[in-house]
Amino acid sequence: MPFDVQDLSGTFSVGDIAIALSLSFVLSAMIGWVYRFTHRNVSYSQSYVQTLVILGMLIALIMLVVGSNIARAFALVGALSVVRFRNAIKETRDVGFIFLVMGVGMAAGTRFYTLAIVAAVAISLIILVMYRFNWFASSIQRQVVKVQVPPDGNYTANIQDVLIAHTSEFELVSMESIRGGALTELMYTVRLKKGHEPGDLISALGERTAGQRVTVLTGYDQTDL
């Protein structure tokens, strides 16, 4: 019995493949550049941006394979469901960029080329505008204060006296025994009064903690004593 091999590549041309993959690469690379340019924190990952570009091209390839065949689509969903990602997403905006390159890849793979270009450019411009004008930023800056004190003594009341003098509001977030019970670590969220600097707060707390460590975490910096 002869073995019958059927090549289904004829459902799309070489030109379709080249355009879909090239367009998804260019648009995904543009989105990756926008991500890099607008990234503010220290958690930037080159590997993540490269993954965005690869993902956009991969989705375009998958959409070419699926076409309008429902059975093929379900088969691919089942095959891809075995993939497990171990790395946690560090920021919620990273998820948005993943969905953006997926949408662009789907549009390119289904040959909605104009839609892919317009959507990628328009959304990228919106992201740049939000970054440029710092939309939705909170005007209230808070700090996290971590203080280590001996477990005995009236250190908690002394620390709160310092916080009352240097902050407009504070809240005890956690209290934890560390170093086998030799120290107690207190963590507060605070809002410094106008004219008060983190260094002033650290110096004042250092006088009340018997020489133990005091840490003030601001938005992007960490100051220690």
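The side chains of E169 and R191 meet in a salt bridge, at 4.0 Å from N to O. A salt bridge here is a side-chain nitrogen of Lys or Arg within 4 Å of a carboxyl oxygen of Asp or Glu. E169 lies in strand β2 and R191 in strand β3, so the pair ties together parts that are 22 residues apart in sequence. E169 is partly exposed, with a relative accessible area of 34%. R191 is also partly exposed, at 30%. These labels have cut-offs: buried means under 20% relative accessible area, exposed means over 50%, and partly exposed lies in between (1.4 Å probe, protein chains only).

This is a predicted model, in which local features need pLDDT of at least 70, side-chain atom pairs count only at pLDDT 80 or more, and totals for chains, interfaces and linings use all residues. Residues are numbered from 1 along each chain as its sequence is written, and side-chain values use heavy atoms, with hydrogens and water left out.

Now look at the two strands themselves. β2 covers residues 167–178 and β3 covers residues 183–192. They pair in the antiparallel sense, over 10 bridges. Two strands count as paired if DSSP finds at least two bridges between them. Within this pairing, E176 stands opposite E185 in β3. The two strands form a hairpin, with 4 residues between them. In the turn sits R179, whose phi is positive, about 55°.

Step back to the whole protein. It has 7 helices and 5 strands. Helices (H or I, at least four residues) and strands (E, at least two) are DSSP runs, numbered from the N terminus. Along the sequence, the pattern reads α-α-α-α-α-β-α-β-β-α-β-β. The protein has 225 residues, and 31% of them are buried. Take the contacts between residues at least 6 apart in sequence: 70% of these join residues at least 24 apart. Contact means heavy atoms within 4.5 Å.

How many salt bridges does a search of the whole structure find? It finds 2. One of them is the E169 and R191 pair described above. In another, the side chains of R111 and D16 meet at 3.2 Å, N to O. This pair links distant parts of the chain, 95 residues apart. R111 is in the loop between α4 and α5, while D16 is in helix α1 (residues 14–38). D16 is buried, with a relative accessible area of 18%. R111 is partly exposed, at 39%. Side chains of opposite charge can pair when their charged atoms come close.

R111 has another feature. Its phi is near 70°, a positive value in a residue other than glycine. Most residues other than glycine have a negative phi. N134 also has a positive phi, about 55°, although it is not a glycine. N134 lies in the loop between α5 and β1 (143–149). At 41% relative accessibility, N134 counts as partly exposed.

Finally, the surface. The accessible surface of the protein comes to about 14500 Å², and 61% of it belongs to carbon and sulfur atoms. Accessible areas come from the Shrake-Rupley method with a 1.4 Å probe; for residues, only the protein chains shown count as cover. A nonpolar patch on the surface is formed by I126, V129, M130, F133, W135 and F136. Together they have about 650 Å² of accessible area. Patches are made of residues with over 30% relative accessible area and no salt bridge; like charges are joined within 9 Å, and nonpolar side chains (Val, Leu, Ile, Met, Phe, Trp, Tyr) within 5 Å. V129 is placed in helix α5 (residues 113–132). V129 is partly exposed, with a relative accessible area of 33%.
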